[in-house]
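Q: I am new to this structure and would like to go through it step by step. Could we begin once it is on the screen?

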2 protein chains.
Amino acid sequence: MRTLALALAAASLPTLAAAQTVASETPAAAASADAALESDTLAWDFVEGITTEVGPRQAGTEAEKRGRDWSVAWLKANGFANVADEPFQMETWVRGTETAEIVSPYPQPFHVTALGGSASTGPEGITAEVVEFESVAALQAAPAGSLKGKIAYISHSMTPTQDGSQYGFAGPARWVGAGIAASKGAIGSVIKSVGTDHHRNPHAGGTSFPEGVAPIPAGALSLPDAANLERMFDRAKGPVRMKLVLTPRDLGTTTSGNVVGEIVGRDPSLPPVLVACHIDSWDLGTGAIDDGAGCGIVAAAAKHAAAAGQPLRTIRVLFAGAEETGLWGSKAYSAAHIAEPIAVGLESDFGADRIWQFGSNFRESNPDLHAKIAAAVARFGVSNGTGVATGGADINIVRDQNGAIIDLSQDGTRYFDLHHTPDDTLDKIDPAQLRQNVAVWTQVIGILANEPGPIKGE
Amino acid sequence: MRTLALALAAASLPTLAAAQTVASETPAAAASADAALESDTLAWDFVEGITTEVGPRQAGTEAEKRGRDWSVAWLKANGFANVADEPFQMETWVRGTETAEIVSPYPQPFHVTALGGSASTGPEGITAEVVEFESVAALQAAPAGSLKGKIAYISHSMTPTQDGSQYGFAGPARWVGAGIAASKGAIGSVIKSVGTDHHRNPHAGGTSFPEGVAPIPAGALSLPDAANLERMFDRAKGPVRMKLVLTPRDLGTTTSGNVVGEIVGRDPSLPPVLVACHIDSWDLGTGAIDDGAGCGIVAAAAKHAAAAGQPLRTIRVLFAGAEETGLWGSKAYSAAHIAEPIAVGLESDFGADRIWQFGSNFRESNPDLHAKIAAAVARFGVSNGTGVATGGADINIVRDQNGAIIDLSQDGTRYFDLHHTPDDTLDKIDPAQLRQNVAVWTQVIGILANEPGPIKGE
């Protein structure tokens with residue numbers, strides 16, 4: 001009953017009143033959003049195009065450069081102004097050969113991928129006993145030197161969550177596991193992929209090593225292989241030994257870039273609305289859900305919002321470069337533009353499924369605008385979240401400016417089935433969910449870009 | 001309404017009467033089957049064991065030999081008599097390096113696997129224009145010599161079917177496509193994998209070349225890559241060029257073997273019941289659903305059926321070797337044992353999901369036994385099919401003897417998502433469905449092994 005009471009309270013009269021206000025104040029924005037829901041093809045056009053004509057776009061490589069060039073051309077072809085590719089420098093790591101096999105007692109090949117930042121085993125590989133730890137905490141508790149000559153394996157698991165919150169739960173095994181293993185003397189590490197699927201696709205992603213700890217070879221096993229390894233531990237009478245060959249290498253400093261474009265507002269003196277995504281992808285897939293879709297969504301929505309008439313404020317799209325390997329582009333954008341105020345920042349970087357929740361960091365400071373947006377997106381099945389929006393990786397500049405942020409939460413239930421795997425391909429995108437996503441973005445951008453007052457409030 | 005009338009006719013009184021007969025005549029077999037449905041762990045034990053302790057078992061290789069050795073030990077440990085590994089010779093082909101990439105106009109890597117029997121491109125690979133054909137018929141219609149210097153691509157598609165019937169519809173692209181392409185002058189061929197999934201896993205499998213046509217390199221693309229290639233054809237202004245590297249090689253003649261074991265009946269002079277599967281697997285996966293599960297099912301059911309008391313007839317299990325690369329084991333078994341009559345043959349080689357239909361080839365010649373079995377399996381949700389059973393690849397001997405055959409049709413809706421891919425792993429098996437499968441087999445074997453008269457009828 002308490003739940004019902006809360007639900008009734010949430011659907012309160014002021015919200016309904018605000019919805020009527022929206023209809024009268026921003027009919028054009030609402031109509032653009034409705035049209036996007038019905039028939040948007042622009043976001044799909046972007047993600048189909050970049051995954052087909054470019055494919056994987058690893059940060060700092062020529063493939064990412066082709067992705068930026070392609071995006072620049074697409075933005076220009078779709079009428080964006082001030083389109084540019086703003087270069088920055090970064091450190092680039094690339095994959096080499098990667099194989100794993102159990103050599104005893106049950107010889108068979110496993111599917112592995114190197115984590116970004118992994119050291120190389122050399123072409124001959126390393127062969128060593130594998131020692132299992134159920135969590136980062138268990139690994140952390142291993143005595144100093146106890147992993148000397150061994151390969152550490154972390155068998156943490158992950159469950160699908162709508163809000164993606166288990167990434168914070170399971171992610172540390174990838175983010176810091178190899179570094180901890182190295183600090184205990186391990187000569188290599190493998191983790192169960194940070195993922196929720198049941199396919200023979202390891203999940204890539206970066207790892208990092210603490211100051212003073214030399215990197216070791218670090219890989220991720222596909223989930224079926226990880227399960228097989230765990231069965232081997234249960235069955236083996238003696239040690240389980242693995243041969244691991246990972247030959248990634250550092251390319252040193254290379255050039256990446258941030259692609260920007262604008263729909264110029266009627267009053268360019270007002271701070272712009274910044275809508276962001278990232279244009280690079282991990283190399284195993286084609287960067288469809290991570291994050292081709294995000295760039296398609298924000299660009300399509302910006303254009304749809306402007307179709308209702310030139311907005312008051314400029315809408316700036318930022319396709320950040322080199323997100324995956326350390327937010328290089330987001331940081332570079334902030335450094336270059338910190339003196340130029342942003343009215344509000346939003347990011348799309350969590351796939352292409354439906355948006356189910358709206359949140360902002362100005363619920364208290366600008367309650368009318370918060371309520372107005374909440375009311376306007378309700379008809380798309382988007383609820384008004386209770387948390388404080390913090391934004392994503394690609395809008396560092398807004399956090400650095402202590403600016404207004406909106407989170408449009410996407411359904412991430414399927415996201416970690418695909419994230420950073422070879423399976424991040426176009427066929428995983430559901431066009432109907434993508435259209436809902438674009439419609440919500442169109443509605444929100446339409447309101448923000450026509451908001452005369454300071455968005456975070458006075 | 002006609003459908004309803006048919007359904008009512010099928011559920012006719014004679015069937016219900018037969019069910020009562022079963023309960024009185026073979027209560028022990030029924031009890032064993034019910035127990036298997038509730039709590040079988042033996043089939044799972046087999047498939048978990050062989051996929052974990054052996055893994056892939058490609059025909060004619062030392063990995064298959066390890067699989068046979070493991071199976072011999074398992075059968076002995078589980079009380080089977082006359083366990084043996086009966087050797088035969090075969091021609092063996094093994095995979096090498098395999099990569100594919102589009103080199104122009106949209107460079108990106110694709111996931112490919114070589115088809116069994118493919119020629120090698122050499123380590124440098126081949127690079128050529130790719131020409132699309134929508135079907136084998138379209139390829140067949142291409143003028144002689146028209147594919148000179150090109151790579152043929154066949155873009156047939158396949159839809160999941162419960163009975164697996166689309167394998168006959170889509171399979172020819174793999175079975176004969178490369179040979180037709182070669183005969184038209186192609187220097188290589190790739191097909192859309194014969195599969196129904198949406199993952200980055202190509203489906204392996206054999207192809208063959210006609211007499212007088214020299215083999216060419218022949219691969220299968222994963223379904224997302226095939227879809228990407230087709231989008232490229234739609235978008236490209238000029239030719240789409242692919243670099244293909246496939247370096248398989250023929251090992252010449254090697255030794256494989258058939259593993260056999262028996263539950264000896266009370267009257268060894270009666271022809272035995274033969275229950276078969278195959279022990280080899282394609283090398284990309286671990287041979288869980290194809291066909292570790294099948295061997296687990298038939299062996300577990302044979303043992304459960306015998307738990308009700310020593311059967312009248314001997315139950316012989318045949319784990320055929322080298323099915324995948326040309327039914328070498330099934331043919332060798334028939335050649336070696338053709339003079340020893342088999343009472344009835346059954347095979348399990350279509351995954352581990354539920355059995356939904358029973359059929360025989362003695363409905364007319366031994367209607368009482370057919371009806372008795374149909375009635376006995378009805379309680380497991382298994383219907384009485386209207387077709388004539390023809391058996392599977394591993395029971396050549398029974399067809400060669402013109403003997404009695406039973407088909408226990410499994411639900412194949414998911415089968416071609418996994419078939420011949422790296423994803424053929426233990427986690428794809430649903431223990432509840434596997435138990436139903438074993439229960440039905442237990443019931444059927446229990447009846448057959450206690451049938452005194454000739455099973456196909458006089």
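Q: What span should helix 3 of chain B have, and how far apart are its end C-alpha atoms?
A: In this predicted model, helix 3 of chain B covers residues 27-39. At 1.5 Å a residue, its 13 residues should span 18 Å, and the end C-alpha atoms are 18 Å apart, which agrees.

Q: Which residues of helix 3 of chain B are buried?
A: They are B:A29, B:A30, B:S32, B:A33 and B:A36. Viewed down the axis of helix 3 of chain B, the buried residues fall within an arc of 160 degrees, so they line one face of the helix.

Q: What covers those buried residues?
A: The cover includes helix 10 (288-306) and helix 15 (431-448), both of chain B.

Q: Changing topic: how many residues are in contact between chain B and chain A?
A: On the chain B side there are 33, in contact with 33 residues of chain A. The area buried between the two chains is about 2600 Å², and carbon and sulfur atoms give 46% of that area.

Q: Which residues of chain B lose the most area to chain A?
A: These are B:T52, B:R200 and B:R235, which together account for 23% of what that side buries.

Q: And how many salt bridges are there across the interface?
A: The rule finds 4 between chain B and chain A. A:R235 forms a salt bridge with B:E48, with the closest N and O atoms 3.3 Å apart.

Q: Lastly, where does UniProt place the Peptidase M28 domain in chain A?
A: An unreviewed UniProt entry places the feature "domain: Peptidase M28" at residues 258-443 of chain A. Over residues 258-443, chain A is 33% helix and 20% strand, and the end C-alpha atoms are 26 Å apart.

Terms used
Residues numbered from 1 in each chain as written. Chains lettered and ligands numbered in written order. Predicted model: local features only at pLDDT ≥ 70, side-chain atom pairs only at ≥ 80, totals over all residues. Heavy atoms only, no water. Helix = DSSP H or I, 4+ residues; strand = E, 2+ residues; numbered from the N terminus. Expected span 1.5 Å × (residues − 1). Buried < 20%, exposed > 50% of the residue type's maximum accessible area, 1.4 Å probe, protein only. Arc of directions from axis to C-beta. Contact = heavy atoms within 4.5 Å. UniProt positions renumbered as here; feature names shortened; annotations may be inferred. Buried area = accessible area lost by both parts, 1.4 Å probe. Salt bridge = Lys/Arg side-chain N within 4 Å of Asp/Glu carboxyl O.
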